[in-house]
Amino acid sequence: MLQRTTLVTGASRPLGVELVRQCLERGDQVIAASRSPARVPILADLRAKYGALELLALDPADAASVAEAIPVLEQITRTIDLLVVAPAEAGPHEKISDTERDAHLETLSATSLVEHYRRYAVAPVLLARTLLPWLTAVESARILFVSTWLGSLSGKTQGGDYAVCASAAGFHMLARTLAHDLSVQGMTVCIGNPGKYAVSPYPIPMTIPIDESTAGLLAAVDQLTVEKSGAFVDWTGSERAW
């Protein structure tokens, strides 16, 4: 059985790191992409332990970063069997206070809302388009877009979280549209909700261990059929309401 090549973006964040670890553990050749992967010590530890790990400097929301990453990626591999777009890193000048501001009607601004949408909804889909030459070079390539339940319109039962909810809902439509376009090439796209995961080994109430969430997402994208491409599924594998 040929070794699968998996590219994981957002590899500096907890879920991204866990996705990298589990893909390495199951035998994939993994490319861990983040804005500054050399500054993420745990990635160096994983490379020392498993060997089959390449690091790629890439910020999907930065056109210059994507352009610089392409020739590097060409040297690493000619194929990608699985593209995992994990939760994005915050923008280089984004602050926690920005997220809090954009959650409320009284302080929400058009500029910040548009920028949030660009980074968290548009950039992941444009990155997938850029990487199509690698994905179409193999049979039955798969894309996992890690999203959030906050993008569910039917699940929106209270106010607030304007930027996050709007970007997630828009992201879902872009990803689902992409899924239809790519299905004719036998490619499968999965929109996965990781649930409320705990980054420590000891989950607090109403959370799940991050390793269980990650394993569930990887199983969901592996098991999704091309006929169901574009589905919005929980880490449990069950379909999520739009």
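Which residue forms a salt bridge with E18? Some notes on that and on the rest of the model follow.

1. Ground rules. This is a predicted model, in which local features need pLDDT of at least 70, side-chain atom pairs count only at pLDDT 80 or more, and totals for chains, interfaces and linings use all residues. Residues are numbered from 1 along each chain as its sequence is written, and side-chain values use heavy atoms, with hydrogens and water left out.

2. The E18 pair. The partner is R21: E18 forms a salt bridge with R21, and their closest N and O atoms are 2.5 Å apart. By salt bridge I mean a side-chain nitrogen of Lys or Arg within 4 Å of a carboxyl oxygen of Asp or Glu. Both E18 and R21 sit in helix 1 (residues 14-25), three residues apart, or about one turn of the helix. Helices here are DSSP runs of H or I with at least four residues, strands are runs of E with at least two, and numbering goes from the N terminus. E18 is buried at a relative accessible area of 10%, whereas R21 is partly exposed at 23%. For the cut-offs, buried is under 20% relative accessible area, exposed is over 50%, and partly exposed is in between (1.4 Å probe, protein chains only).

3. R21 again. E25 also forms a salt bridge with R21, with the closest N and O atoms 3.2 Å apart. E25 and R21 are four residues apart in helix 1, so about one helical turn separates them.

4. The rest of helix 1. Nine of the twelve residues of helix 1 are buried, among them L15, V17, L19 and C23. The end C-alpha atoms of helix 1 are 16 Å apart, which agrees with the 16 Å that twelve residues should span at 1.5 Å a residue (the expected span is 1.5 Å times one less than the number of residues). Just after helix 1, G27 has a positive phi of about 105°.

5. Helix 1 against helix 2. These two helices pack at an angle of about 0°, with their axes 11 Å apart, and are therefore roughly parallel to each other. V17, V20, R21, L24 and E25 of helix 1 make the contact with I42, L43, L46 and Y50 of helix 2. Contact means heavy atoms within 4.5 Å. Axes are lines fitted to C-alpha atoms, for helices over the stretch in contact, with angles running from 0 to 180 degrees between N-to-C directions. Angles under 35 degrees count as roughly parallel, over 145 as roughly antiparallel, 65 to 115 as roughly perpendicular and the rest as oblique.

6. A52 lies in the loop between helix 2 (41-50) and strand 3 (53-57) and counts as buried at 17% relative accessibility. Setting aside residues up to four places away in sequence, A52 touches Q3, L24, D28, Q29 and V30. T5, in strand 1 (residues 5-9), is buried at 9% relative accessibility. Beyond its neighbours within four places in sequence, T5 is in contact with residues including Q29, I31 and T77.

7. Helix 5. Which residue marks the bend in helix 5? The bend is at V122, by about 40°, and a proline, P124, follows within four residues. The bend is the angle between axes fitted to the seven residues ending at a residue and the seven starting there. Helix 5 (residues 110-130) has 21 residues and reaches 28 Å from first C-alpha to last, close to the expected 30 Å. Its buried residues include H116, R119, P124 and L127.

8. Other salt bridges. The whole structure holds eleven salt bridges. One of them joins the side chains of R240 and D234 at 3.3 Å, N to O; R240 is partly exposed at 27%, and D234 is buried at 13%. Shared partners also join R4, R26, D28 and D222 into one network.

9. Backbone points to look at. S140 is not a glycine, yet its phi is positive, near 60°. S140 is in the loop between helix 6 (132-135) and strand 5 (142-146) and is partly exposed at 48%. D161, also not a glycine, has a positive phi of about 55°. D161 is in the loop between strand 5 and helix 7 (162-183) and is partly exposed at 31%. For context, most residues other than glycine have a negative phi.
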